[in-house]
Amino acid sequence: VRMAEALGADLLREMRYGADGYFWADTKEGVNVVLYGRKDTEGRNRINDKDAKGVYYVKEFLAKGKAGGGYAEYQFVKPGQTTAQSKRSYVKLFEPFGWVVGTGYYR
């Protein structure tokens, strides 16, 4: 399984769509597996990360993912910028690895 997880992480890290679409994954406990462009975040527990409005967005990702998937609304700083913007993401649990995988777009 570890080899499959490493391959899955490598694939997710490189997957793109559109102008700036990407994917990320966190474990069910909130530890980041992959976050495009943020190798410094991989392996860090993000469960208590909050956005500019105080939303625990990783907790929301995990809850929605574990409930079968869904959308989450939060604020996030777009790469190359300094101010948080509204973002909407879709997350879903990938049970074989225990990962909540997500993607999103700025609104």
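Leu 7, Leu 11 and Met 15 form a nonpolar surface patch of about 290 Å² in this predicted model. Patch members have over 30% relative accessible area and no salt bridge; nonpolar side chains (Val, Leu, Ile, Met, Phe, Trp, Tyr) are joined within 5 Å, like charges within 9 Å. Areas follow the Shrake-Rupley method with a 1.4 Å probe, and for residues only the protein chains shown count as cover. Leu 11 belongs to helix α1 (residues 2–14). Helices (H or I, at least four residues) and strands (E, at least two) are DSSP runs, numbered from the N terminus.

Helix α1 also holds Arg 13 and Asp 10. Their side chains meet in a salt bridge (2.7 Å, N to O). The two residues are separated by about one helical turn because they lie three residues apart in α1. The structure holds ten salt bridges, each a side-chain nitrogen of Lys or Arg within 4 Å of a carboxyl oxygen of Asp or Glu.

Residues are numbered from 1 along each chain as its sequence is written. Local features need pLDDT of at least 70 and side-chain atom pairs 80 or more, totals for chains, interfaces and linings use all residues, and side-chain values use heavy atoms, without hydrogens and water.

One cavity of 30 Å³ or more was found in the whole structure. The largest cavity contains about 50 Å³ of space. On a 1 Å grid over the protein atoms alone, a cavity is a set of points where a 1.4 Å probe fits but cannot get out; a pocket is an open set with protein on both sides within 12 Å along at least five of seven lines; lining residues have an atom within 4 Å of a point. Points are joined across faces, edges and corners, and volume is the space filled by probe spheres set on them. The cavity lining includes Tyr 22, Trp 24, Arg 46 and Lys 87. Helix α2 (57–66) and strand β5 (70–77) each supply at least two lining residues.

The largest pocket holds about 180 Å³ of space. Of its 14 lining residues, Ala 19, Asp 20, Gly 21, Tyr 22 and Tyr 36 are the closest to its centre. Strand β7 gives the most to this lining, with three residues.

Mean pLDDT (the predictor's confidence in each residue, from 0 to 100) is 93 for the protein. Among the elements, β2 has the lowest mean (87) and α2 the highest (98).
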